[in-house]
Amino acid sequence: MSAVVGIDRARYVYPRGGVVALEEITVEIPEGQSLGVVGQNGSGKTTLTKLMNGLLKPNSGRVLVDGRDTAKASVQELAGDVGYVFQNPNHQLFAPTVADELAFGPRNIGVPEAEIPERVAEAVEFFGLADILALHPYRISFPLRKLVGIASIFTMRPRVFILDEPTTGQDHRTTSTINRLIRRLRDRGSTVVCVAHDMPLLADVSERLIVMWNGRLIADGTPREVFADRAAMERTHLAPPQITQLSLALPGRTGRPAALAVGELVGEFGGAVGSAGTGSGEA
Ligand SMILES: Nc1ncnc2c1ncn2[C@@H]1O[C@H](COP(=O)(O)OP(=O)(O)OP(=O)(O)O)[C@@H](O)[C@H]1O
Ligand SMILES: [Mg+2]
């Protein structure tokens, strides 16, 4: 299967201040891939993801979503294909109740009315929103509001699901729900793009990581490969998950792939320590 999102030498400069947010970036995302995007503050992660849903159009180069040039398509046209969860749910939620919020997206992209209750019910169950359906989205706690923001994209069932820092500043329950969500989306064959600073989460759910630095893409590989790329990690001041750091530092492990989870490292010791689970993700 070819790329569902194709970014070809895209450059983006913000009109205000003339900041070059992205140099010429080229990246292809195959259908069904779960991609993590990492990098320091201001490195261009949000700008890159906004190119993928047409919220921003490149100044030069091209962005294709399912073969369509985003420069020639409206955000509205792309909304059914690409779901975008904003870092700040306050930028996204506007319906008078949580229930309306969940139904708005699918209705807006033309999902038949008869199908909407089933989609909403699935989201309510998955995100645990049953008790707050009648409430105004601004009257619930921030972590819950964040989940409502994600759930309101979930009900649209987009082919490409983009999450911009879904776990930053979130409680453990929300983080574990997001972990489950990405797995569910992967199982369904959706393409997932997740910007995060949470390396254990990305180690757990991403097949591929790209590293942004100063508007450039400086590393691209499996989490295992990227975490072992000392130069890229140091340049971006990113720290691999603790278990990965430990495995990379252990004498005598040179040449072996970095461990991403406690269980992998334990396995190398012949299981002498017993089974220790995955070391990250769900409680
Ligand atoms: N609306 C804007 N107008 C002008 N410059 C902007 C705007 N949004 C972002 N920038 C600048 O573009 C560059 C890339 O920003 P971007 O938001 O894409 O980074 P980021 O990697 O998502 O950062 P963070 O981790 O803080 O979310 C930064 O230098 C930023 O200051
Ligand atoms: Mg950002």
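Is α1 mostly covered or mostly uncovered, and how many of its eight residues are buried? In this predicted model, local features require pLDDT of at least 70 and side-chain atom pairs count only at pLDDT 80 or more, whereas totals for chains, interfaces and linings use all residues. Residues are numbered from 1 along each chain as its sequence is written, and chains are lettered from A and ligands numbered from 1 in the order in which they are written.

Helix α1 is mostly covered, with seven of its eight residues buried, a residue being buried if 20 or more other C-beta atoms, placed from the backbone, lie within 10 Å of its own. The buried residues of α1 are K45, T46, T47, L48, T49, L51 and M52. Just after this helix, G54 adopts a positive phi of about 80°.

Helix α1 (residues 45-52) also supplies three residues to the shell around ligand 1, the largest share. This shell holds 13 residues, of which Y14, N41, K45, T46 and T47 come nearest; a residue is near a molecule if its C-beta atom, placed from the backbone, lies within 6 Å of it. By class, the shell comprises three nonpolar, eight polar and two charged residues. Ala, Val, Leu, Ile, Met, Phe, Trp, Tyr, Cys and Pro count as nonpolar, Asp, Glu, Lys and Arg as charged, and the others, Gly among them, as polar.

For the protein as a whole, 44% of the 283 residues count as buried. The C-alpha atoms fill a box of roughly 60 × 45 × 35 Å along the principal axes.

Note on methods
Buried ≥ 20, exposed ≤ 12 C-beta atoms within 10 Å, placed from the backbone. Helix = DSSP H or I, 4+ residues; strand = E, 2+ residues; numbered from the N terminus.
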